[in-house]
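Have a look at the structure first, then we'll go through the contacts one by one.

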Amino acid sequence: MVDYFNFENKDLDFPFYNNNPRISKSKWLLLFIVLFVGLIISGLFSSQTLGAIIGLVIILLGLFYTLDWDYEKIFQKPGRKDVLLAIELFVCYIIYAIIMSSLLDFLSLSSTATNPLGITVTLDTTLSLFPFLMIEELLKFIPFSLALTVIYKFTNNRKLSVIMATLLIIIFFGLLHYTPENTIFSVLLLQGFGSIFEYIGYIKTKNILVCYITHLLTDLLAFTAFIIT
């Protein structure tokens, strides 16, 4: 019996870690190559939207290939409950971010950047959010899948493997946002551990579209706040 968390959808499981499907080392290497190439390509075009779309297509093609073109292992059509869950997790993140931001301010550990997200709001940058945030979700999903596979191989403990893989990728994702104007504490707490709400959505549903919706709502709110201020 697979050791699921109580809140999970037990009709679905994570791909790869338990030979679902089993992929070779060369396919793991391919996954990381297409992820790297997709990220590079996404930044090469004058149009951020076009670059993000092309980069996303490259990554998805490599990912679907390793999944034997069974895209439903990671994407399912979101139902009403899925959308509501994504919205609830978005609200939880906003509450979390307000509390953490206040704590960081109190401890003088906040970012000193006037525009910490590097936002330049144009039609192109706004439209580019839609494909680029999916790239970010895959940037978390692919390393998470590898970490889960490796840890599970040594522990044979699904719950422990999921927790450890999640913590590793949360820290990794937070550090990706580090700049000299940010603090380690701010990126780890806000971008890093803040992404736990997206992970809850994915762990519960095994549907990347759920955490994508949460992420998209968060960044659209950030864009709106930047415009207003």
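A helix crossing is called right-handed if the near helix is turned clockwise from the far one by less than a right angle, and left-handed if the turn is anticlockwise. With that in hand: helix 5 passes helix 7 in a right-handed crossing. Keep in mind that this is a predicted model.

**Helix 5 against helix 7**
- The two axes come within 11 Å and cross at roughly 145 degrees.
- On the helix 5 side, the contact uses Val162, Thr166, Ile169 and Ile170, while helix 7 brings Ile196, Tyr199 and Ile203.
- Sorted by class, that contact has 6 nonpolar residues, 1 polar and no charged.

**Helix 3 against helix 7**
- From helix 3 come Asp82, Leu85, Leu89, Cys92, Tyr93 and Tyr96, which meet Phe197, Ile200, Gly201, Lys204 and Thr205 of helix 7.
- The class count for this contact is 7 nonpolar, 2 polar and 2 charged residues.

**Helix 4 against helix 7**
- Helix 4 (residues 123–155) and helix 7 have axes that come within 12 Å and cross at roughly 60 degrees.
- Here the crossing is right-handed.
- Glu137, Lys140, Phe141 and Phe144 of helix 4 touch Glu198, Tyr199 and Tyr202 of helix 7.
- That gives 4 nonpolar residues, no polar ones and 3 charged.

**The buried face of helix 6**
- Which residues of helix 6 (residues 184–192) are buried? They are Ser186, Val187, Leu190 and Gly192.
- Looking down the axis of helix 6, you'd find these buried residues within an arc of 160 degrees, so they line one face of the helix.
- They pack against helix 3, helix 5 (158–176) and helix 7.

**Tyr17, ahead of the helices**
- Tyr17 sits in the segment before helix 1 (25–42).
- Is Tyr17 buried or exposed? Its relative accessibility is 5%, so Tyr17 counts as buried, the cut-off being under 20%.
- Tyr17 and Ile151 are 134 residues apart in sequence, yet 8.9 Å apart in space, C-alpha to C-alpha.

Notes:
Residues are numbered from 1 along each chain as its sequence is written. This is a predicted model: local features need pLDDT of at least 70, side-chain atom pairs count only at pLDDT 80 or more; totals for chains, interfaces and linings use all residues. Side-chain values use heavy atoms; hydrogens and water are left out. Contact means heavy atoms within 4.5 Å. Helices (H or I, at least four residues) and strands (E, at least two) are DSSP runs, numbered from the N terminus. Ala, Val, Leu, Ile, Met, Phe, Trp, Tyr, Cys and Pro count as nonpolar, Asp, Glu, Lys and Arg as charged, and the others, Gly among them, as polar. Buried means under 20% relative accessible area, exposed over 50%, partly exposed in between (1.4 Å probe, protein chains only). The arc is that of the directions from the helix axis to the C-beta atoms. Axes are lines fitted to C-alpha atoms, for helices over the stretch in contact, and angles run from 0 to 180 degrees between N-to-C directions.
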